[in-house]
Amino acid sequence: MDSAASSLKIPITPSVSPSTAGAALTAGAPLTAGQRMTVAVTLQRATQTLSGHGDSPRLDAEILLGRILGLSRPALIVRGADPVSAETQRAYDELIARRMQGAPVAYLTGTREFWSLELDVTPDVLVPRPETEVLVELALRLLPQEVPRSVLDLGTGSGAIALAIASERPLVCMTGVDVSERALAVAMANSRKLGLMQIRWYAGSWFDAVRDRRFDMIVSNPPYVASNDPALERLAAEPAIALCCGPTGLEALDSIVGGAAEHLNPGGWLLLEHGNTQADDVARLLECRGFGHIRSHADYSGNARVTVGAIQ
């Protein structure tokens, strides 16, 4: 989605008062007499505290404690009897308090895995979602491994899609565009971090930055949430520009479809991620603009998530 900042990890800094942070874990199971604050006990209490503040409280608790201790999730289990220092507990309390206030785990750790790549993320970019990997899978099926191709990623954000494709297809000439220069700073930092330096990055709104260029494929995960969708409240910590661009949620998709034909080589493909109720609308947009071979593909939850078409 169109959304970005420096490549530095987000520091662990309190965003709540000490009293609020201290209260974060008191909502969990109380310590029994003589019970030590071990890794296992700390995780148990944090999981209880986070219940109702996300879909995966245990996973969130493990990721955040692992980040502070520098341990993997399996290592946390193995070292469950290890004591947790007061300093570690204070830092962990602060992260748990911020998670309860709605901060995504990826913003608290400063990283997110996507397509087995560890990406730096900041509050200036959308947190990459697993369902977007479906878009990458479809792009790779259409891109031969041994033939050079040109691909444009519109609204690149953290660079997740562009970097994933580039990591699998080194012969692809990849271009990433985003309206946010702060987003591009994150994408470029990820490019350097991963050693994928063949990507060209441009700032601009959709096709403005590539006016005279054509590509063999265009991919995009644009903002597609309707402005009155209640989900926006749950996503308030993420950049609004990456989530919503109009009352119906189809505005950005329509703009991309409308301009894509002028920027695709004959037979070129357009791949669009969209909301799980928008597949039919996106298919109609493609059909009206002269695209053929139109079909929609489901994400890992069985929801229609990506629609593709080829210019005639």
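Contact here means heavy atoms within 4.5 Å. This report describes a predicted model, in which local features need pLDDT of at least 70, side-chain atom pairs count only at pLDDT 80 or more, and totals for chains, interfaces and linings use all residues. Residues are numbered from 1 along each chain as its sequence is written, and side-chain values use heavy atoms, with hydrogens and water left out.

## The chain overall

The chain holds 12 helices and 9 strands. Helices (H or I, at least four residues) and strands (E, at least two) are DSSP runs, numbered from the N terminus. Of its 312 residues, 53% are buried. Buried means under 20% relative accessible area, exposed over 50%, and partly exposed in between, with a 1.4 Å probe and protein chains only.

Axes are lines fitted to C-alpha atoms, for helices over the stretch in contact, and angles run from 0 to 180 degrees between N-to-C directions. Angles under 35 degrees count as roughly parallel, over 145 as roughly antiparallel, 65 to 115 as roughly perpendicular and the rest as oblique.

| Helix pair | Angle | Axis distance |
|---|---|---|
| α2 (residues 39-50) and α3 | about 135° | 8 Å |
| α3 (residues 57-69) and α5 | about 140° | 10 Å |
| α11 (residues 251-260) and α12 (residues 279-288) | roughly 25° | within 9 Å |

At about 135°, α2 and α3 are therefore oblique to each other. The crossing of α2 and α3 is right-handed. A crossing is left-handed if the near helix is turned anticlockwise from the far one by less than a right angle, and right-handed if clockwise. On the α2 side the contact is made by Val 39, Thr 42, Leu 43, Gln 44, Ala 46, Thr 47 and Leu 50, and on the α3 side by Pro 57, Arg 58, Asp 60, Ala 61, Glu 62, Leu 65 and Leu 69. By class, 8 of these residues are nonpolar, 3 polar and 3 charged. Ala, Val, Leu, Ile, Met, Phe, Trp, Tyr, Cys and Pro count as nonpolar, Asp, Glu, Lys and Arg as charged, and the others, Gly among them, as polar.

Helices α3 and α5 pack at about 140°, which makes α3 oblique to α5. This crossing is right-handed. Asp 60, Ala 61, Leu 64, Leu 65, Ile 68 and Leu 69 of α3 meet Thr 88, Ala 91, Tyr 92, Leu 95, Ile 96 and Arg 99 of α5. The contact of α3 with α5 has 9 nonpolar, 1 polar and 2 charged residues.

Arg 99 belongs to α5 (residues 86-100) and is buried, at a relative accessible area of 13%. Beyond its neighbours within four places in sequence, Arg 99 is in contact with Leu 50, His 53, Gly 54, Asp 60, Leu 64, Pro 104, Val 105 and Leu 108. Leu 59, in α3, is partly exposed at 31% relative accessible area. Its C-alpha atom lies 9.7 Å from that of Leu 43, 16 residues apart in sequence.

## Helices α11 and α12

The axes of α11 and α12 cross at roughly 25°, so α11 is roughly parallel to α12. The crossing is right-handed. Leu 253, Asp 254 and Val 257 in α11 meet Val 282, Leu 285 and Leu 286 in α12, and these residues divide into 5 nonpolar, no polar and 1 charged.

## Buried helix and buried residues

Helix α7 (residues 132-142) is mostly covered, with 8 of its 11 residues buried. Among them are Val 134, Leu 135, Val 136 and Leu 138. The buried residues of α7 pack against β1 (111-114), α8 (160-168), β6 (215-220), β7 (264-273), β8 (291-298) and β9 (304-311).

Leu 154, in strand β3 (residues 150-154), is buried with a relative accessible area of 0%. Not counting residues up to four places away in sequence, Leu 154 touches Val 177, Trp 206, Phe 207, Ile 218, Val 219, Ser 220, Asn 221 and Ile 256.

Ala 242 sits in the loop between α10 (231-234) and α11, and is buried at 0% relative accessible area. Its C-alpha atom is 7.4 Å from that of Val 125, 117 residues apart along the chain.
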